[in-house]
Structures are given as C-alpha cells and as structure tokens.
Amino acid sequence: MTPQEHDKILHDNITKSFQKAPEKLIHSINLEAKNIAASYKVDKRAEHLAQVPAFITLKDHKDHFIAKPTCRLINPCKTALGAISKSILDQINNNIRTITEFYQWKNTDNVIKWFNCIDNKDKCSFIQLDIKEFYPSITTEILSKSIDFAKGFTEISDKDIRTIQHCRKSLLFYNEEAWKKKVSQNCFDVTMGSLDGAEICELVGLFILNRLSILINKNDVGLYRDDGLLVLRNTNGRFIDKKRKEIIKCFKDIGFQIDIETNLKVANFLDITLDLNTNTYRPFKKQNNTLLYINTSSNHPKEIIKQLPLSVNDRLSNNSSNQEVFDCSKEEYEVALKRSGFKNTTLSFKKPTPPKRKNRNRNIIWFNPPFNKDVSTNVGKKFLSL
C-alpha cells in the first residue's frame, strides 16, 4: 500500500478508540510511578514513560484482506514498572494453576499432552472458540473480578494490586501527542507488547476457566491466551447446541464476545492440526504463510546457523504423531531450508524425548555482546580480562 493509505489506516484505528489526553497526564503518571518505584527501592533505576509512537500490523491471514484490510494497533509505550508487575502476576498465576489444575496452555507441547489424554476420541467432538479483541476488551471491572478470584488461592497485598493497576495506566503516542482510550477510566488499558500484558491475559484466562468449569469438566477445556479448545464426549447435536449457547452466555456475562465453532472432528489449534477420527496430530500453518528461515550467509553466529535444521527437525517431529504424518509434512520444510542455503538437508522423524530438567544457579550475570561478523576483536576475551 502507499504511505498515504498506511497513514489513513493508522489514523482511523487510533481515532476509533482513542482521544487526545490532557497535557499534564504524562507528568501525573510518571509521578505515581516514581512513588511506587521508591517503595520497591528501584526509583534510581526505573525510567520514566517512554514516548514511543504507535504502529499497526496488518492481519493478512484474514478473509477478504485485500478488499478490506484489518490490522492490530500496537502501542509500544510501556512503563518500566511492568517488569515488577510481571513478576507479581507470574507468582499469582503459577499458584492458581498449581491448585486448580486448570489447562492454561503455554505452548504446543501442552496441547498435545492434553490431546493424548482424551479417551475414545472417535466418540468425541471439539468446540473451538476465539475471544474477539481479547486485550482491548479487558476492563477495570474484569481485572478486579479476576484479582478477587485469585485472592481465593494466593495472597495478594494492596501494594501488589496498586502496582498491577498502575501498570494499566497507558497512553498512546501519535504525531508527538499523547492519546488515551475514550471509554476507559483512569487511562486503563491492557496493551500488546507491555511487559506484563501476557500475564494479565493469563490471570483473566484463569478466571474464565473457572467460570467454564461450571459448564464443562475442567479436564475437557483449555485456553491459550484468546484461543480456547473444548472436547465433548458421547453427545448429540442438541446437547452440543445447548452447550454452545451456554458458553456464549458465559463469556457475555464476563464481558467478552467470541467466535465459536462446534461439532468439530478436526481442529487447527496453534501450529498443529488435531484429528479425533484418526487419533493423530500434524503440523499446521495458515494457508498463505510462506516458510522462511535465515540464510546460511546471514550475519549470525555459526552455531546458530548450524543448529537451525536440527531445530526444525525436532519441532516437526514433536508436532507429528508418527512417522507417516512426519513424512507427509516434511517436504515443504526441506524446500524452505534449501531455499535458505542449507544444501543436502534431509529431515528424519525422531520420537520426542522428555526435556531434561536443568538445575541452574540463578545468581549469575550473563554478558552477551551483540554478534557481528565484521567484528574481528575477541570481545568476550577482552571483557573477561578486565
């Protein structure tokens, strides 16, 4: 698209949800952040709110993309206190998951493990759902209810809540001006790219799973951020439709809208396809996604380039339920690797092995200098000899 078209889409997305903020608002947010940082004794190290301009990413995987381009509005402006909030929320979320044993998936391997535990798959069906505009739809009320829910499983201090709530005070910067959300109170927002945004979504997700467990056995439902997958056993169409309506109402009562598909025997979830008919899973990628890897001549360490085919092979093996599935999927990955300069690369199926637990001493400061092939100086040696 032309720069003018891009600027119009960016402007339209900002003005749709945001309005110009008062001039003194930035100062008041920074002042509150300073007081909170002082309570953690990090006020000498925490930076003020960085005024980084917003941008968009286009959703080119959506239907009718060319005729009607849609996008995500990304706000990279984030408070440094988000690192503290992230640590607090991580502890809260881990405690809830340990006690409730809800399926809140972190990666594809977690989903595969859940799928393998489903008995009599041929008599089951999937319900797949997607929460519309998950991040922007989280309101002050939803977050407060999620925190109240969390208090039933772990201790949360007033100081912790104040830190979490402060990190929701967000401003968007566009044309060197500050903007705030039109409908939110006190600049509340959960932004994509914030240091604790994913953890906020996980907390809200656990609150959602708690509500869903009233309708469906907690072992039959899981969430990954805004994507959900449920399995129903030995049911007919009438019962499935009843559950669909109950699930929609459940999300509506919380404050979310969802897209939902029912009575599925095959579901594309994250980067795998789960098949209840054949009791198999295989790699999945969106139709118009082109596989692209770094070139062997690119400016990366030799070890990184050397390990890439091995990493692709391991990933493909983990996402394939058996040798046959792997062999059917590997060709386009081999072609993509050859296109990137990896000659004579043949992928072969390896049975997944459980990862070895690593005991690490965390009291270590790591020095990782940026890599560049043009640097002839042994930077690591020079550093260690200081």
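Predicted model: local features only at pLDDT ≥ 70, side-chain atom pairs only at ≥ 80, totals over all residues.
Student: What makes Lys-41 count as exposed?

Tutor: The term rests on relative accessible area, computed with a 1.4 Å probe and protein chains only: buried means under 20%, exposed over 50%, and partly exposed in between. Lys-41 has 73% relative accessibility, and therefore counts as exposed. The residue sits in the loop between H2 and strand S2 (55-58). Residues are numbered from 1 along each chain as its sequence is written, and side-chain values use heavy atoms, with hydrogens and water left out.

Student: Why is Leu-270 called partly exposed?

Tutor: Its relative accessible area is 29%, so Leu-270 is partly exposed. Leu-270 belongs to the loop between S11 and strand S12 (272-275). Its phi, near 55°, is also positive in a residue other than glycine.

Student: What is the class of Lys-132, and where is this residue found?

Tutor: With a relative accessible area of 35%, Lys-132 is partly exposed. The loop between S5 and helix H5 (134-137) holds this residue. Contact means heavy atoms within 4.5 Å. Leaving aside neighbours within four places in sequence, Lys-132 is in contact with Ser-137, Gln-257, Ile-258 and Asp-259. Lys-132 and Asp-226 are 94 residues apart in sequence, and their C-alpha atoms are 7.7 Å apart in space.

Student: How many helices and strands has the chain?

Tutor: There are 12 helices and 13 strands. They are DSSP runs numbered from the N terminus: helices are H or I with at least four residues, strands are E with at least two. Of the 386 residues of the chain, 41% count as buried.

Student: How do you know that H3 and H8 are roughly parallel to each other?

Tutor: Two packed helices are described by the angle between their axes and the distance between the axes. Helix H3 (residues 82-100) and helix H8 (residues 197-212) have axes that come within 9 Å and cross at roughly 25°. Angles under 35 degrees count as roughly parallel, over 145 as roughly antiparallel, 65 to 115 as roughly perpendicular and the rest as oblique. H3 and H8 are therefore roughly parallel. Their crossing is left-handed.

Student: Which residues make this contact, and how do they divide by class?

Tutor: H3 contributes Lys-86, Leu-89, Asp-90, Ile-92, Asn-93, Ile-96 and Arg-97, and H8 contributes Glu-199, Ile-200, Glu-202, Leu-203 and Leu-206. Six of these residues are nonpolar, one is polar and five are charged. In this scheme Ala, Val, Leu, Ile, Met, Phe, Trp, Tyr, Cys and Pro count as nonpolar, Asp, Glu, Lys and Arg as charged, and the others, Gly among them, as polar.

Student: At what angle do H2 and H7 pack?

Tutor: Helix H2 (residues 25-39) and helix H7 (residues 158-166) pack at about 145°, with axes 11 Å apart. The contact is made by Ile-29, Glu-32, Ala-33, Asn-35, Ile-36 and Ser-39 of H2 and by Lys-159, Arg-162, Thr-163 and His-166 of H7. By class there are three nonpolar, four polar and three charged residues.

Student: Which residues of H7 are buried?

Tutor: Asp-160, Ile-161, Thr-163, Ile-164 and His-166 are the buried ones in H7. Their cover includes H2, H3, helix H6 (140-150) and H8.

Student: Why is the pair of Trp-105 and Phe-269 called edge-to-face?

Tutor: Rings of Phe, Tyr and Trp (its six-membered ring) pair if their centres lie within 6.5 Å; planes under 30 degrees apart count as stacked, over 60 as edge-to-face and the rest as tilted. Here the ring centres are 5.5 Å apart and the planes stand at 80°, so the pair is edge-to-face. Trp-105 lies in the loop between strand S4 (103-104) and helix H4 (108-116) and Phe-269 in strand S11 (residues 266-269), so the pair ties together parts that are 164 residues apart in sequence. Both residues are buried.

Student: What makes the pair of Phe-115 and Phe-126 tilted?

Tutor: Their ring centres are 6.4 Å apart with 35° between the planes, and the pair is tilted. Phe-115 lies in helix H4 and Phe-126 in strand S5 (residues 124-131), so this pair ties together parts that are 11 residues apart in sequence. Phe-115 and Phe-126 are both buried. Ring pairs link Trp-105, Trp-114, Phe-115, Phe-126, Phe-269 and Tyr-281 into a cluster.

Key. Axes fitted to C-alpha atoms, helices over the stretch in contact; angles between N-to-C directions. Left-handed = near helix turned anticlockwise from the far one by under 90°.
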